[in-house]
Amino acid sequence: MLKRFAGLAGAAMAAVMLLAAPASAELKDILAAGKIKIATPENFPPFGALGADGEYEGYDIDVAKMIAEDLGVELELVPVTSKQRIPFLETDRVDLVIATLGANPERAKSIWFSHAYAPFFSGAFAKPDVAVSSIADFAGKKIAVTGGTLEDLAITEDAPDGAEIIRFGDNAATIAAYVSGQADVIVTGNMVALGISNDNPEFNLEPKFIIANSPSFIGVKTGNMDLLQWVNVFVLHKKLNGKLNGLSVKWLKTPLPPLPAL
């Protein structure tokens, strides 16, 4: 009986190890394995979300597909929430993060960033009758924000006494809370606000002020220099041949603006 139990336990452990197989991370290992694991947004249209056909679609999804195509390898999409992006990269669950990831000095302690590949800015949005022109005006108001994002970090650092910051686990929950009237202001990206306006035109949602211009970068695990160099050449190539501009027009409804290079 003990031997049988040990055999079953060993088989179970082997199955778990197979299911939790780490990402390849290094460029040469990705090419050898013939597969790349890329973290993409779980529910953050138009960058990444489930489409009507049950497949993930969006700007970041298309960039991930182009990377796999240029590498000549199979693509495994790994949908993640905002809080999962860096931990998944650090623990080798993914090779790259393409999920509207903004760069800042704190995050740069943990991972490396590519050149910017997508435009993005964040701000405070509310109905016309909500008087807000700066973070100082958050006093006495309920503010909806997705926890762990750059927006969360920015307003938490400067929020005045009396501001009630309500954090949610992902963008879908943040949007739902704002739309249902749980908050006076939503702090989010411009594309999220556009989606809310499209779905709820009666809100007359308007930008109150910009918190930060925060273009999106591709996250690479620290130390993977060959992969980072390849990704930077990929981004440059897609800017020059117009492919990223095409994605911007398709998904963001605007031409690709100038983007910074690191």
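A: Two strands pair if DSSP finds at least two bridges between them; strands (E, at least two residues) and helices (H or I, at least four) are DSSP runs numbered from the N terminus. The model is predicted: local features need pLDDT of at least 70, side-chain atom pairs count only at pLDDT 80 or more, and totals for chains, interfaces and linings use all residues. Residues are numbered from 1 along each chain as its sequence is written, and side-chain values use heavy atoms, with hydrogens and water left out.

Q: In what order do the strands of the open sheet that contains β9 stand?

A: Strands of a sheet pair through backbone hydrogen bonds, either parallel or antiparallel. Here, five strands follow the order β9-β8-β10-β7-β11, with mixed pairing. Because β9 (164-168) and β11 (206-213) each have a single partner strand, one side of each lacks a neighbour in the sheet. From one strand to the next, the twist averages 25°, angles being taken from 0 to 180 degrees between N-to-C directions of axes fitted to C-alpha atoms, for helices over the stretch in contact.

Q: How many bridges join β8 to β9?

A: Strand β8 (residues 142-146) runs parallel to β9, and five bridges join them. Ala144 has Ile166 of β9 as its bridge partner.

Q: Which helices pack on this sheet?

A: Packing is read from contact, meaning heavy atoms within 4.5 Å. Helix α6 (residues 171-179) touches β7 (121-126), β8, β9 and β10 (185-189), and its direction makes about 150° with that of β10. Helix α7 (residues 190-199) touches β7 and β10, at about 125° to the direction of β10.

Q: What is the strand order in the open sheet that contains β5?

A: Five strands form that open sheet in the order β4-β1-β5-β12-β6, and the pairing is mixed. Its edge strands, β4 (74-80) and β6 (111-118), each pair on one side only. Helix α3 (residues 59-71) packs on the sheet against β1, β4, β5, β6 and β12, its direction making about 170° with that of β1. Helix α8 (residues 225-240) touches β5, β6 and β12, and its direction makes about 5° with that of β6.

Q: Why is strand β5 described as largely enclosed?

A: Six of the six residues of β5 (residues 96-101) are buried, so the rest of the structure largely encloses the strand. Strand β1 (residues 35-41) pairs with β5 in the parallel sense over two bridges, with Ile38 partnered by Leu96. Strand β12 (residues 216-221) and β5 pair in the antiparallel sense over three bridges, where Phe217 is the partner of Leu101.

Definitions and conventions:
Buried < 20%, exposed > 50% of the residue type's maximum accessible area, 1.4 Å probe, protein only.
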